Amino acid sequence: MQKNGSKKFTSCILCIMLIVATASFTAGCNGSTKKTPSAQQAQDSAGNDSTAASSDEDVETGAPDTWPDGSVIGEGSKQLSLTVADETGSEVKLEIHTDQSMLGAALSELGLIDGEEGEYGLYVKTVNGKTADYDTDGMYWALYINDEYAQSGVDTVEIKEGDSYSFKMEKA
């Protein structure tokens, strides 16, 4: 009888250890593979991958509210340059890495753009943490491809090697 109780106790301990290990693994996996600037700086200075979040980062995505000039964002086989110019003309140049084929999907996935779905696709209202409110002040985000005004919406633009992309906040 004592042998049977010992087996139950051992099984119970093993189950608890398995549950704890699974919970620890799940808590450590947040699904994000991109490194934020603060995480990259921590890794560069400490020589290991420390992903402590800075105070200006979005808690859910790990992304900062606004990416600084020169940031390298995302991971993937495709690389593109994105310039964001706000209403003052101040520019931020970003290097984007992705495996997405469409520009809108790549930028949305990384939290760089946000907006509302409409009958013509995604109406971009926020780029790199800055919001243009057409209803309030007549400002909107214009998409440019190779310095030419885009003839289609961001979610229908195919990423092409060598092309440069920009969003400029403009007044109607």
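1. Aspartate 86 counts as buried, at 11% relative accessibility; buried means under 20% relative accessible area, exposed over 50%, and partly exposed in between (1.4 Å probe, protein chains only). The model is a predicted one, in which local features need pLDDT of at least 70 and side-chain atom pairs count only at pLDDT 80 or more, while totals for chains, interfaces and linings use all residues. Residues are numbered from 1 along each chain as its sequence is written, and side-chain values use heavy atoms, with hydrogens and water left out.

2. The structure holds three salt bridges, a salt bridge being a side-chain nitrogen of Lys or Arg within 4 Å of a carboxyl oxygen of Asp or Glu. In one of them, the side chains of lysine 130 and aspartate 86 meet at 3.6 Å, N to O. Lysine 130 lies in strand β6 (residues 130-131) and aspartate 86 in the loop between β2 and β3, so this pair ties together parts 44 residues apart in sequence. Helices (H or I, at least four residues) and strands (E, at least two) are DSSP runs, numbered from the N terminus. Lysine 130 is partly exposed, at 33%.

3. Glutamate 116 forms a salt bridge with lysine 125, with the closest N and O atoms 3.0 Å apart. Glutamate 116 is partly exposed at 44% relative accessibility, and lysine 125 is partly exposed at 23%.

4. Two aromatic pairs are found in a search of the whole structure. Rings of Phe, Tyr and Trp (its six-membered ring) pair if their centres lie within 6.5 Å; planes under 30 degrees apart count as stacked, over 60 as edge-to-face and the rest as tilted. Tryptophan 141 and phenylalanine 167 are edge-to-face, at 6.5 Å centre to centre and 85 degrees between the planes. Tryptophan 141 belongs to strand β7 (residues 139-145) and phenylalanine 167 to strand β9 (residues 164-171), so the pair ties together parts 26 residues apart in sequence.

5. The rings of tyrosine 144 and tyrosine 149 have centres 5.4 Å apart and planes at 90 degrees, so this pair is edge-to-face. Tyrosine 144 is buried at 12%, whereas tyrosine 149 is partly exposed at 43%.

6. The largest nonpolar core has 28 residues, and Phe167 is among those with the most contacts inside it. Such a core is a set of buried Ala, Val, Leu, Ile, Met, Phe, Trp, Tyr and Cys residues joined through side-chain atoms within 4.5 Å. Phenylalanine 167 is itself buried, at 1% relative accessibility.
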